[in-house]
Amino acid sequence: AGQPAKQQAVLAAYYAAVAFMDAQVGRLLTALQEGGQQQNTVVVFTSDHGYHLGEHDFWQKLSLHEESARIPLIIAGPEIKPAVTESLAQQIDLFPTLAELAGLSVPEHCQGKSQLSTLRDPQHRVHDDVYCMKRGGHLLRSEQWAFLSYQDGSAELYDMQNDPRQFTNLVDQPAHAEVVGQMRRRLTSLLDQIRAASGIR
């Protein structure tokens with residue numbers, strides 16, 4: 001999408017898709033209310049990826065940067081008060097969260113963690129960091145840091161509190177060498193845990 005006319009068409013298509021999806025959510029919620037099922041239904045709104053619209057000269061979904069890795073996650077239902085949280089979550093948390101909401105047990109092999117405590121208290125934190133993988137790269141995201149590591153050995157580090165749009169890569173700055181080391185070790189440990197759980201050596 002390198003030409004202005006093509007970029008404009010991509011933006012128009014994106015906003016049309018968002019508007020259409022918004023209308024469908026409205027239809028679903030209206031049907032639940034009219035059918036009297038609103039008080040015994042949990043609704044989850046999420047996505048499989050974010051979408052670049054020219055940030056960092058990227059388009060679509062194929063990066064580990066915030067615009068692509070961050071997704072919407074809205075959970076509504078009985079006894080869930082409306083709130084916004086900055087707590088980190090992963091899609092693998094959905095199963096244990098919904099199971100706990102439904103009063104079901106969660107198998108021990110399940111890798112996700114229930115977010116029910118955060119649904120009840122927006123200040124509660126379930127994860128210290130979360131993980132994402134895309135096409136030969138890995139992202140480890142904490143509340144303060146985003147560490148991106150690639151197969152070719154390159155890496156990026158962003159201070160998400162002071163640089164949320166990820167303009168300044170700090171990975172080679174000596175002042176951040178300790179943070180880079182910590183994030184590398186944590187990522188290596190996490191990947192080892194995932195391989196062990198999956199039976200991959």
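Is His56 buried, partly exposed or exposed? At 28% relative accessibility, His56 counts as partly exposed, where buried means under 20% relative accessible area, exposed over 50%, and partly exposed in between, with a 1.4 Å probe and protein chains only. His56 lies in the loop between β2 (52–53) and β3 (59–60), and its phi is near 60°, a positive value in a residue other than glycine.

The structure is a predicted model, in which local features need pLDDT of at least 70 and side-chain atom pairs count only at pLDDT 80 or more, whereas totals for chains, interfaces and linings use all residues. Residues are numbered from 1 along each chain as its sequence is written, and side-chain values use heavy atoms, with hydrogens and water left out.

The protein chain holds five helices and eight strands, these being DSSP runs numbered from the N terminus, with helices (H or I) of at least four residues and strands (E) of at least two. Along the sequence, these elements follow the pattern α-β-β-β-α-β-α-α-β-β-β-β-α. The C-alpha trace spans about 60 × 50 × 35 Å along its principal axes, and 30% of the 201 residues of the protein chain count as buried. Of the contacts (heavy atoms within 4.5 Å) between residues at least 6 apart in sequence, 46% join residues at least 24 apart. The accessible surface of the protein chain, computed by the Shrake-Rupley method with a 1.4 Å probe, comes to about 13300 Å², of which 52% belongs to carbon and sulfur atoms.

The interior was examined through its nonpolar cores, each a set of buried Ala, Val, Leu, Ile, Met, Phe, Trp, Tyr and Cys residues joined through side-chain atoms within 4.5 Å. The largest nonpolar core has 13 residues, of which Trp145, Phe147, Leu157, Val171 and Met183 touch the most other members. The elements that give two or more residues to this core are β7 (145–150), β8 (155–159) and α5 (177–198), and the largest share, six residues, comes from α5. When residues up to four places away in sequence are not counted, Val171 touches Phe147, Ala155, Glu156, Leu157 and Val180. A second, separate core of seven residues includes Leu64, Leu139, Ala146 and Leu148.

Leu187 is found in helix α5 and is buried, with a relative accessible area of 5%. Its contacts, leaving aside neighbours within four places in sequence, are with Tyr131, His138, Leu140, Phe147 and Ser149. The C-alpha atoms of Leu187 and Leu139 are separated by 8.3 Å, although these residues lie 48 residues apart along the chain.

Helix α3 (residues 94–101) contains the buried residues Leu94, Pro96, Thr97 and Ala99, and the buried residues of this helix pack against β1, β4 (73–76) and α4 (116–120). Why does Thr97 count as buried? Thr97 counts as buried because its relative accessibility is 1%, under the 20% limit. Beyond residues up to four places away in sequence, Thr97 touches Ile75, Lys113, Ser114, Gln115, Leu116 and Leu119. Helix α3 is followed by Gly103, whose phi is positive, near 80°. In the loop between β4 and α3 lies Glu79, which is exposed, with a relative accessible area of 81%, and whose phi is near 65°, a positive value in a residue other than glycine.

Open space was then considered. A pocket is an open set of points on a 1 Å grid over the protein atoms alone, where a 1.4 Å probe fits and protein lies on both sides within 12 Å along at least five of seven lines, and its lining residues have an atom within 4 Å of a point. About 410 Å³ of space lies in the second largest pocket, the volume being the space filled by probe spheres set on the points, which are joined across faces, edges and corners. Of the 18 residues that line this pocket, the closest to its centre are Tyr14, Val18, Phe45, Ser47 and Pro72. The elements that give two or more residues to the lining are α1 (4–34) and β1 (43–46), and α1 gives the most, with eight residues. The lining divides into 11 nonpolar, four polar and three charged residues, where Ala, Val, Leu, Ile, Met, Phe, Trp, Tyr, Cys and Pro count as nonpolar, Asp, Glu, Lys and Arg as charged, and the others, Gly among them, as polar.
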